[in-house]
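Please look over the model below before reading my comments.

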Amino acid sequence: MRVVIDATPLIDTRTGIGIYVQGLIDALTEEPRKEKNIEVIEYTLSIRARAQSKLRGYWVPVPAGIAPSIWRTFNGPKIEKFVPSPDVVHGTNYLVPPSDVPRIVTVHDLSVLSRGTAPRRRADGIDRHLKQIAESGATIHAISNYVADEIRERYPNADVQMVYPGVETSFEQRIPKVETPTMVVLGATQKRKAVPDAVRAFEILGHSFKTLELQIIGPPGDDEPQVRTLIEGLPEALRRRVTRLGFVARDEVARLVGSATLLVHPSHYEGFGFPLVEAMSMGTPVVTTTGGAIPEIVDTAAVTVEPGDVEALVAGISLLIEKESFRDRIISSGLERSKQFSWATAGEQMLNMYRSVC
């Protein structure tokens, strides 16, 4: 079976979608699945990547920003024009080209449509594209039950199948904790991630926990100015204990998360939440919210509060720092919960999905 996969998210800085795509490709190409006659063919949907010689696999010369409009208007160009003999086409990032063979498109969440995380024109294009996908009989892959339900509500005719992603093996290790109590925040500073809530919580906690440090890891997003303003407005003694790191390599992310006292993830909405599973798999306890799919992913293995409730966030962080027995219980639960998200399982389930549509 020739599975044609959109590898565009692997170009440049890796976001959660890029992490997902790499994990999926690795899972499908590891030895046990090679024996099942799976051939993974990558393609790149990016004019810029071609100009910068960053292509992954075959080049599909359609700008991603206007692809939905072109495909909807002309029902082409079909993927077969650029990639020979596909058996199934998997669009990994909301978009999938027209084709004469079965198609699957992964929808990571619906924030792109409803929470201002994309320009309105692009969001409208994706919305119309997904509606067309649903009506054409193609399959929409959701990465959580929460997202699957959102898709079914918005596109009642959609064939929706859910397969959870896995956690990278580099995060399945125990790293000694730093002696200084450290709360780490991981992810781009997008508004829906509510990183300012973590800074506000740190400002309150920093007066009681005199050595507590805050590390914010991830590329700047649309909320970066607010994050910077809050950090700069901290008293100097607290500001010196805040480290703002941008993009760092995955092995360094693993070291920072694994050695932290706890992960704070105040996001108001998640379709899955890779940082949560990664932290739990390393024995780093998590304080997060009930936004989106988070309760489904963490179950009872993390401290959860209502989105935007900074006082509750402060209380949860304090509890994990001060109560060793409680912290140990959350760590143990997190380690066990993270085992539910395996790329070996995800790869097998995605393979079953490919077979089911062919």
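1. Basis. This is a predicted model, in which local features need pLDDT of at least 70, side-chain atom pairs count only at pLDDT 80 or more, and totals for chains, interfaces and linings use all residues. Residues are numbered from 1 along each chain as its sequence is written, and side-chain values use heavy atoms, with hydrogens and water left out.

2. Overall form. The protein has 16 helices and 13 strands; these are DSSP runs numbered from the N terminus, helices being H or I with at least four residues and strands E with at least two. Its radius of gyration is 21 Å, close to the 21 Å that the globule rule gives for 358 residues, so the protein is as compact as a globular protein of that length. That radius is taken over C-alpha atoms, and the rule is 2.2 Å times the number of residues to the power 0.38. Along the principal axes, the C-alpha atoms fill a box of roughly 65 × 40 × 40 Å.

3. Of the 358 residues, 55% count as buried. Buried means under 20% relative accessible area, exposed over 50%, and partly exposed in between (1.4 Å probe, protein chains only). Among contacts with a separation of 6 or more, 66% come from residues 24 or more positions apart; contact means heavy atoms within 4.5 Å.

4. Partners of strand 1. Strand 1 pairs in the parallel sense with strand 2 (residues 39–44) over five bridges. Pairing requires at least two DSSP bridges between the strands. Arginine 2 has glutamate 39 as its bridge partner in strand 2. Strand 4 (residues 88–91) also pairs with strand 1 in the parallel sense, over three bridges. There, valine 88 is the bridge partner of valine 3.

5. Cavity. One cavity of 30 Å³ or more is counted. A cavity is a set of points, on a 1 Å grid over the protein atoms alone, where a 1.4 Å probe fits but cannot get out; a pocket is an open set with protein on both sides within 12 Å along at least five of seven lines; lining residues have an atom within 4 Å of a point. The largest cavity holds about 40 Å³. Strand 8 (182–186) and strand 11 (262–265) each give two or more residues to its lining. That lining divides into six nonpolar, two polar and one charged.

6. Second largest pocket. About 220 Å³ of space lies here. Of its 13 lining residues, Gly23, Asp26, Val167, Thr169 and Trp343 lie nearest the centre. Helix 1 (16–29) and helix 16 (343–357) give two or more residues each. Helix 1 supplies the largest share, four residues.

7. Threonine 304. Threonine 304 is in strand 13 (residues 303–305). Beyond its neighbours within four places in sequence, threonine 304 contacts Thr288, Thr289, Thr290 and Val298.

Technical notes
Grid points are joined across faces, edges and corners, and a volume is the space filled by probe spheres set on the points. Ala, Val, Leu, Ile, Met, Phe, Trp, Tyr, Cys and Pro count as nonpolar, Asp, Glu, Lys and Arg as charged, and the others, Gly among them, as polar.
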